[in-house]
Amino acid sequence: MSVRRDTAMKLADYQPPAYQISELYLEFELDDHRTRVTAISQVQRQTSQDAPLYLNGEALELGGVWVAGQPYQPEMAEGGIILQDLPASFELKIETIIDPANNSSLEGLYKSAGAFCTQCEAEGFRKITYFPDRPDVMTRYRVRIVADKQAYPYLLSNGNLLDQGDLDGGRHWALWEDPFAKPSYLFALVAGDFDLLSDSFTTRSGRDVTLQLYVDKGNAYRGQHALDSLKKAMAWDEQKYGLEYDLDVYMIVAVDFFNMGAMENKGLNLFNSKYVLADPASATDDDYFNIESVIAHEYFHNWTGNRVTCRDWFQLSLKEGLTVFRDQQFSADMGSPAIVRLKQVRVMREHQFAEDAGPMSHPIRPEEVMEMNNFYSVTVYDKGAEVIRMLHTLLGEAGFRQGMDLYFKRHDGQAVTCDDFVQAMQDANDVDLSAFRRWYSQSGTPQLTVGTTFEPQTGRFSLSLTQLTAATADQHEKHPLHMPVAVEILDGANNSVQKHTLSVTQEKQQFDFGPFDNEPVTAILAGFSAPVRVKQIQSDAQKQQIILHAQDPFLRWDAAQSLISQYLHEMAGSGQTSVPDVLIELFDSMLRRVDQDPALFAEMLELPSFETLAQQNSPIRVDGLLDARDCLKRKLARTLTDQWQATADRISTGAYQYTQQQAAQRRLRGVCLAYLALSNAPGVESHLHQLYLQSDNMTDTLAVLKACQGSELALFDRLMEDFEAKWRHDSLVMDKWFALHAGKERNDCLSKLQILMAHAMYSINNPNRVRSVVGTFAFYNPRGFHAIDGSGYKFLTDYLLQTDPINPQVASRLITPMLAFGQLDESRQDLIRHQFLRLLDSPQLSRDLYEKVRKSLR
Ligand code: ARG
Ligand code: ZN
């Protein structure tokens with residue numbers, strides 16, 4: 001194995017750059033295979049001594065280097081070039097030639113369908129030219145683009161368009177200037193032919209901003225929701241944080257080939273088209289929600305990310321954790337706070353807890369990185385957002401805002417650290433956050449054990465909280481953390497509720513309440529106030545009291561989930577197939593109350609996912625849990641058939657509109673239909689078929705398909721054929737079809753996957769397709785993926801070997817479900833280890849996969 005793959009960067013080794021580049025003029029002569037890039041930098045030495053200048057560069061053909069106008073021979077080095085004996089300040093000119101059409105990594109400059117586009121975060125700019133590709137080098141850019149006019153009528157880059165004109169040979173050019181200094185990761189270029197939707201927004205100080213949305217030809221009618229979302233986000237950031245947009249134009253371009261969701265390049269966001277395009281016929285309520293939230297996320301980055309950026313990539317959570325928190329606040333304000341919170345808790349419990357329990361465990365500010373792309377993780381993003389949320393809880397809304405104001409006042413225009421952020425919060429509020437800072441350096445999910453005592457004589461009720469973080473793959477020693485623990489104390493006598501937010505700092509702490517006449521019930525972690533697991537022994541009756549009487553919706557949902565999970569684990573352990581009455585009664589009583597809060601009850605009626613259950617016990621009883629879950633679903637379906645039917649029938653939404661009320665109704669009906677499909681009720685198949693035919697929107701259509709997918713109804717295949725005939729030319733909609741097939745339990749799962757991958761719409765080069773087929777199978781088809789003969793693991797590994805040379809970032813995401821091997825039973829562990837060895841044997845394995853496999857086998 002090569003030396004290079006093994007080198008890790010360490011936070012502790014950070015050194016400020018020896019040279020800054022104040023200005024960069026970039027010229028692109030676009031060509032599929034030989035794009036010529038000219039880069040002219042104004043370079044200034046920062047150190048007194050005669051330091052070398054190191055420039056990153058990858059996959060570049062070097063045309064020439066000139067220092068102060070004189071030809072210069074750089075020293076070729078690992079991943080770049082080195083220049084020596086330089087003046088204190090000079091002009092540096094570099095010419096490179098790149099091959100965008102063969103750049104399948106979708107990093108740097110590449111072609112998506114017919115358009116040129118870029119993705120530079122984190123370290124993609126070095127695939128465009130030799131440059132100090134690190135976020136603490138901040139530069140003002142001027143960019144000239146030259147391309148064929150007919151094929152590429154739109155030539156875009158960051159900032160403002162200064163000038164444009166025609167050239168001979170059918171070519172034209174455009175010159176852009178971004179007045180804000182920025183790191184190279186925020187550079188963007190787009191050239192292509194699009195439909196353009198325009199709108200405008202007037203900021204509260206009166207600046208007129210032109211909004212432009214560029215989409216594939218023929219897709220303009222699917223762009224309005226994205227534009228509306230953008231305007232909402234702009235208004236919200238002004239009102240909530242006093243933050244205004246700072247350029248005259250804000251551009252969003254939707255492309256089909258994209259590794260991630262979207263990218264916040266200054267003034268020119270690039271988006272996966274999946275997070276832009278929506279109309280009722282082709283997009284679901286979830287799509288509408290996601291578009292609104294991703295559009296907002298990228299917009300919010302303009303302040304938390306661009307105006308104030310990261311000093312180095314170890315600080316990624318500085319911008320991502322904070323911006324995810326901000327987009328969650330925004331989504332909550334736009335719709336239903338409770339539902340937004342439950343979504344987020346699921347992400348934490350299904351994915352982040354799993355990451356922390358596996359070989360890739362890292363703190364939200366990692367200390368050691370082999371491949372930076374591997375750290376765009378649920379830990380950095382989502383646990384990072386939970387850490388910001390805890391600050392918000394501890395400081396309160398007003399205190400948090402003061403901290404944000406101070407942060408911008410101090411650091412606008414700078415590249416800073418997570419410590420700088422916490423310091424601003426601390427100084428603005430005059431509090432001591434030194435213990436809180438440990439969240440940035442300590443990995444792992446703390447376990448909070450809850451004990452209670454009640455003294456009948458005095459009525460005193462005490463709560464004892466013990467926190468413990470188990471050792472993780474990356475870190476042995478753990479310390480207590482500072483966390484807000486929100487509790488509700490339910491007094492059964494008069495159904496009154498007391499709410500407290502406890503500031504927990506010690507390993508073990510006791511809190512006293514009372515007096516009470518009778519022993520109250522405590523519900524812990526209202527709003528999921530800290531990213532921890534709670535261990536608390538409670539009776540069924542106590543849980544039921546929380547389900548009925550707690551005020552916080554998360555607590556009610558969580559108590560129901562916990563009651564269900566507990567029995568599912570019991571059933572899984574004993575192999576028992578009889579369902580306890582208490583569960584039937586629980587569902588019966590929830591179904592009777594549905595109208596009180598359809599959105600919340602829709603969530604409560606859904607069984608905990610396999611992925612969540614898997615995080616609650618180790619080793620994971622794969623077969624037992626899947627069987628128990630199926631058994632319970634069927635039993636509920638068959639015992640409560642009339643209620644499911646009646647609840648579904650009561651719902652009528654009228655013409656489709658994306659509103660919270662309608663979305664809640666549709667979601668609830670979808671849940672009911674999934675049970676009905678398992679019910680054996682006479683006529684259920686024709687009923688579902690009717691609903692499919694009547695549906696005028698993708699949400700309801702997909703609800704029927706999902707219900708059939710989870711059942712054995714033959715209708716599934718018939719409807720899927722019909723769906724395919726209708727949508728076969730629409731790749732985004734076909735992703736839903738691919739995912740339904742790939743997620744379906746069936747005996748011939750793997751041959752089905754092969755058929756899907758041979759489909760005319762499938763392409764191994766398109767990340768959305770790969771995720772919808774291979775990703776859905778590996779993440780959400782546990783029976784197929786964890787097949788005890790190891791065929792699922794082998795299938796995934798074969799695919800990784802195929803896709804890794806094409807696009808290592810995509811391959812590296814897909815391996816995630818195998819990283820949980822440590823929690824599986826011995827035989828599955830062995831099967832997966834065998835696949836890891838196969839990967840390691842491959843001499844060309846990317847650094848991305850290598851890092852994960854290496855850590856897994858450690
Ligand atoms: N900054 C982008 C966002 O979260 C994500 C960019 C991810 N890039 C990557 N190479 N992993 O909004
Ligand atoms: Zn982001």
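Biologist: Which residues does T776 touch, not counting residues up to four places away in sequence?

Modeller: T776 touches A739, A742, G743 and N781. Bear in mind that this is a predicted model. T776 itself sits in helix α22, residues 767–780.

Biologist: Is T776 buried or exposed?

Modeller: Count the C-beta atoms around its own. A residue is buried if 20 or more others lie within 10 Å. T776 has 21 within 10 Å, so T776 is buried.

Biologist: How far apart are the C-alpha atoms of T776 and G335?

Modeller: They are separated by 28 Å.

Biologist: Now K499. Where is K499 found, and how does its count read?

Modeller: K499 is found in strand β28, residues 496–504. A count between the buried and exposed limits means partly exposed. K499 has 13 C-beta neighbours inside 10 Å, so K499 counts as partly exposed. K499 touches E488 and A526, leaving aside residues up to four places away in sequence. The C-alpha atoms of K499 and V487 are separated by 5.8 Å, and these residues are twelve apart along the chain.

Biologist: How do I check the span of a helix such as α24?

Modeller: Multiply 1.5 Å by one less than the number of residues. Helix α24, residues 791–803, has 13 residues and should span 18 Å. Its end C-alpha atoms are 18 Å apart, which agrees. For α3, the 16 residues should span 22 Å, and the end C-alpha atoms are 23 Å apart, which agrees.

Biologist: Which residues of α24 are buried?

Modeller: Start with the general idea. An α-helix has 3.6 residues a turn, so residues three or four places apart point the same way. In α24 the buried residues are G792, Y793, F795, L796, T797, Y799, L800 and T803. As for α3, 14 of its 16 residues are buried.

Biologist: Which residues surround ligand 1?

Modeller: The shell is E121, A122, M260, A262, M263, E264, H297, E298, E320, N373 and Y376. The elements giving two or more residues to this shell are β20 (262–263) and α3 (285–300). By class, the shell divides into five nonpolar, two polar and four charged residues.

Biologist: What does UniProt list for residues 542–857?

Modeller: An unreviewed UniProt entry lists "domain: Peptidase M1 alanyl aminopeptidase C-terminal" there. In the model, residues 542–857 are 72% helix and 0% strand. The end C-alpha atoms of that stretch are 44 Å apart.

Biologist: What is the mean pLDDT of the protein chain?

Modeller: The mean is 97, and 100% of the residues reach 70 or more. The model scores ipTM 0.98 and pTM 0.98.

Terms used. Residues are numbered from 1 along each chain as its sequence is written. Chains are lettered from A and ligands numbered from 1 in the order in which they are written. This is a predicted model: local features need pLDDT of at least 70, side-chain atom pairs count only at pLDDT 80 or more; totals for chains, interfaces and linings use all residues. pLDDT is the predictor's confidence in each residue, from 0 to 100. A residue is near a molecule or strand if its C-beta atom, placed from the backbone, lies within 6 Å of it. Helices (H or I, at least four residues) and strands (E, at least two) are DSSP runs, numbered from the N terminus. Ala, Val, Leu, Ile, Met, Phe, Trp, Tyr, Cys and Pro count as nonpolar, Asp, Glu, Lys and Arg as charged, and the others, Gly among them, as polar. A residue is buried if 20 or more other C-beta atoms lie within 10 Å of its own, exposed if 12 or fewer, and partly exposed in between; C-beta atoms are placed from the backbone. Two residues are in contact if their C-beta atoms, placed from the backbone, lie within 7 Å. UniProt positions are given in the numbering used here, feature names are shortened, and annotations may be inferred rather than shown by experiment.
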